[in-house]
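Dear colleague,

Please find below the structure I am handing over to you. My notes on what was found in it follow directly after.

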Amino acid sequence: MYQQTLTRSQEIEQQQSFPVSNVRILSYAQVPSRPTGPAVLRTALAATLLGLFMGMAVAALREWRERSLRTAADVTEYSGLRFLGHLPVLPAVRRARTPSVAPTAPAPVTTGPTGGQTLPVPSKARPPVINVPVPVLHYPDSVYAETLRHVRLASDAAGRNLPVTGVTSFHPLEGRSSVAFNLAGQLGIGMQSVLLIDADSRGRTLSRMLGLDRKPGLTDAVAGRGDWQDMLVAIADTNLVVLPCGQDRGGPSDDLLTGRLLSQITAEARDNDFSRIIVDVPPLYPVAQGRAILHELAQFVIVGEWGQTSRAMAETALIDDHLLEARCLGVVYDGVNMRKLKSFLLPGEMENYLGGPKSYMSLKRRMSRK
């Protein structure tokens, strides 16, 4: 009995040391034919709604933060000025490596009564000629060229005998000088000659762009260091003649003298067969030189930088100067990205037609244009 009791006790202790499950297998698990999660349709619907709400929030934030000039309505609604068009970025045109100087034409002679001695007949000295391409003349069917034609029509509507048009900007913008250069080249088509004047003594962007920053020009004429007619430079294969800014830096008191000289040039330009005059004027802000020169001009165009010039600047630029506001022909946008422009337009706006048929607007380059 003792041995049986001891053996039974050992078995009980051994059974207690090993875990014994009270679970019974009723049936074996089967592999499911379809996944039980995640719910694809529900997850996709939730993600779509979340993305839609986030996109609307980002769009509303960007619209609320958008304060720059991009469409025609931004000018007409905020400033009341006329909008003249968009100026997209034109492809680069290769420039001649070395400028060529046209020789001076020999003076004609007359035969004396005896037939032996000849006397020279005085004639006007021709200005030197440089080979600098005018980009807009290589792309006459582009949006850029069409906008400049709108500027020309607005200038012709002013009814001046000798239109003198200034080209300025809301703030310092190097693209302003390029606009003035292309506008002068566009106006020179079918005319006698167009005079382009660089009146920005601080930036001198136009003179540097043409390689004439070390040539005498307007500021030297203001300082009395020569006649402005002897400082002219012609552009090859165009009717464009340029008066550089000059080497003299001048001072704050020269703004009034510059305006007076421009009036004198306008009066003398008729005798030099100039049909139009384009003046590259300093910006409206932050210097006062631009306003001082604009008061001496009959009309001018303002260049705004697309996507960079604020609407508030366009709204307050001429609000306190009614004389300049009346003389302003309108505003053009420079550096416009035509692809991004469509995202800022409503379906009914006329600017949507800028990307219309290629027969109307094209960047096809014409190799030669006289």
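A residue is called buried here if its relative accessible area is under 20%, and exposed if that value is over 50%, with partly exposed in between. Please bear in mind that this is a predicted model.

The strands first. Nine of them, 9 strands in an open sheet with mixed pairing, follow the order β1-β11-β10-β5-β9-β6-β8-β7-β4. Its edges are β1 (83-88) and β4 (129-130), each of which pairs on one side only. Strands β5 (residues 164-169) and β9 (residues 276-280) run parallel and are joined by 4 bridges; V167 has D280 in β9 as its bridge partner. Helix α5 (residues 143-156) lies across β1, β5, β9, β10 and β11, at about 155 degrees to β1.

A search of the whole structure gave 2 aromatic pairs. In one, the ring centres of F83 and Y333 are 4.9 Å apart with the planes at 55 degrees, so this pair is tilted. F83 belongs to strand β1 and Y333 to strand β11, 250 residues apart, and both residues are buried.

W306 and F344 form an edge-to-face pair, with 6.1 Å between centres and 90 degrees between planes. Because W306 lies in the loop between β10 and α11 and F344 in the segment after α13, this pair ties together parts 38 residues apart in sequence. W306 counts as buried at 8% relative accessibility, whereas F344, at 29%, counts as partly exposed.

Two arginines also deserve mention. R70 lies over the face of W306, 4.6 Å from the ring centre, and the charged end of R291 sits over the ring of Y285, 5.6 Å from its centre.

With kind regards

Definitions and conventions. Residues are numbered from 1 along each chain as its sequence is written. This is a predicted model: local features need pLDDT of at least 70, side-chain atom pairs count only at pLDDT 80 or more; totals for chains, interfaces and linings use all residues. Side-chain values use heavy atoms; hydrogens and water are left out. Two strands pair if DSSP finds at least two bridges between them. Helices (H or I, at least four residues) and strands (E, at least two) are DSSP runs, numbered from the N terminus. Contact means heavy atoms within 4.5 Å. Axes are lines fitted to C-alpha atoms, for helices over the stretch in contact, and angles run from 0 to 180 degrees between N-to-C directions. Rings of Phe, Tyr and Trp (its six-membered ring) pair if their centres lie within 6.5 Å; planes under 30 degrees apart count as stacked, over 60 as edge-to-face and the rest as tilted. Buried means under 20% relative accessible area, exposed over 50%, partly exposed in between (1.4 Å probe, protein chains only). A charge sits over a ring if NZ of Lys or CZ of Arg is within 6 Å of the ring centre and within 35 degrees of the ring normal.
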